[in-house]
Amino acid sequence: MTVTYVIDGSRITGLDSFWDVVGEAVNGPGGRFGRNLDAFADCLGGGFGTPEDGSFVIEWHDHALSADALGHEETARRLAGLLPRIHPTNRARVERELAEARAGRGPTLFDQLVEIIRERTGPGTLRLM
């Protein structure tokens, strides 16, 4: 039996609210489901609320609202927050990504989240609605 998780994109105002919304969608009220991109990718592999066999679908309702909330501005905010604790070998790359996000270019957090879902779950698992 395939489980369907519904992400209510109208409730997403930034990355912090995305973590809350996806946690509740998968694990119920107050549920957690990763709080960073790497943990999110790991959680999609099963055992953290999703079925181990990958038999689930994610329906992302009002995804266009989420795309706006997780756009370049929020991407720049996240990258700026990473800078103080980033390893020196990654600093130049993150600074370049930050400059691109501030200029309204490059992948957004929304793009990255969609890519993670598609890479970790396979075709047909994500339905943008």
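**Close-up 1. Burial of Glu74 in the predicted model.** In this predicted model, Glu74 is a residue of helix α4. Its relative accessibility is 10%, so Glu74 counts as buried, the cut-off for that class being under 20%. Leaving aside residues up to four places away in sequence, Glu74 touches Gly14, Leu15, Ala69 and Leu109.

**Close-up 2. Buried residues of helix α4 and what covers them.** Along α4, Glu74 is buried, and so are Thr75, Ala76, Leu79 and Leu82. The elements that cover the buried residues of α4 include α1, α3 (63–69), α5 and α6.

**Close-up 3. Packing of helix α4 with helix α5.** Helix α4 spans residues 72–82 and helix α5 spans residues 88–102; their axes come within 8 Å and cross at roughly 155°. Because angles over 145 degrees count as roughly antiparallel, α4 is roughly antiparallel to α5. The crossing of the two helices, α4 and α5, is left-handed. On the α4 side, the residues in contact are His72, Thr75, Ala76, Leu79 and Ala80, and they meet Val94, Glu97, Leu98, Ala101 and Arg102 of α5. Sorted by class, this contact of α4 with α5 comprises 6 nonpolar, 2 polar and 2 charged residues.

**Close-up 4. The largest nonpolar core.** The largest nonpolar core holds 27 residues. Within this core, the residues that touch the most other members are Phe18, Phe40, Trp60, Leu70 and Leu113. At least two residues of the core come from each of the strands β1 (3–8) and β2 (56–61), and from each of the helices α1 (15–27), α2 (37–43) and α6 (109–121).

**Close-up 5. Ala92 in helix α5.** Ala92 is located in helix α5. With a relative accessibility of 41%, Ala92 counts as partly exposed, since that class lies between under 20% (buried) and over 50% (exposed). From Ala92 to Val3 the separation is 89 residues in sequence and 42 Å in space, taken C-alpha to C-alpha.

Definitions and conventions: Residues are numbered from 1 along each chain as its sequence is written. This is a predicted model: local features need pLDDT of at least 70, side-chain atom pairs count only at pLDDT 80 or more; totals for chains, interfaces and linings use all residues. Side-chain values use heavy atoms; hydrogens and water are left out. Axes are lines fitted to C-alpha atoms, for helices over the stretch in contact, and angles run from 0 to 180 degrees between N-to-C directions. Helices (H or I, at least four residues) and strands (E, at least two) are DSSP runs, numbered from the N terminus. Angles under 35 degrees count as roughly parallel, over 145 as roughly antiparallel, 65 to 115 as roughly perpendicular and the rest as oblique. A crossing is left-handed if the near helix is turned anticlockwise from the far one by less than a right angle, and right-handed if clockwise. Contact means heavy atoms within 4.5 Å. Ala, Val, Leu, Ile, Met, Phe, Trp, Tyr, Cys and Pro count as nonpolar, Asp, Glu, Lys and Arg as charged, and the others, Gly among them, as polar. Buried means under 20% relative accessible area, exposed over 50%, partly exposed in between (1.4 Å probe, protein chains only). A nonpolar core is a set of buried Ala, Val, Leu, Ile, Met, Phe, Trp, Tyr and Cys residues joined through side-chain atoms within 4.5 Å.
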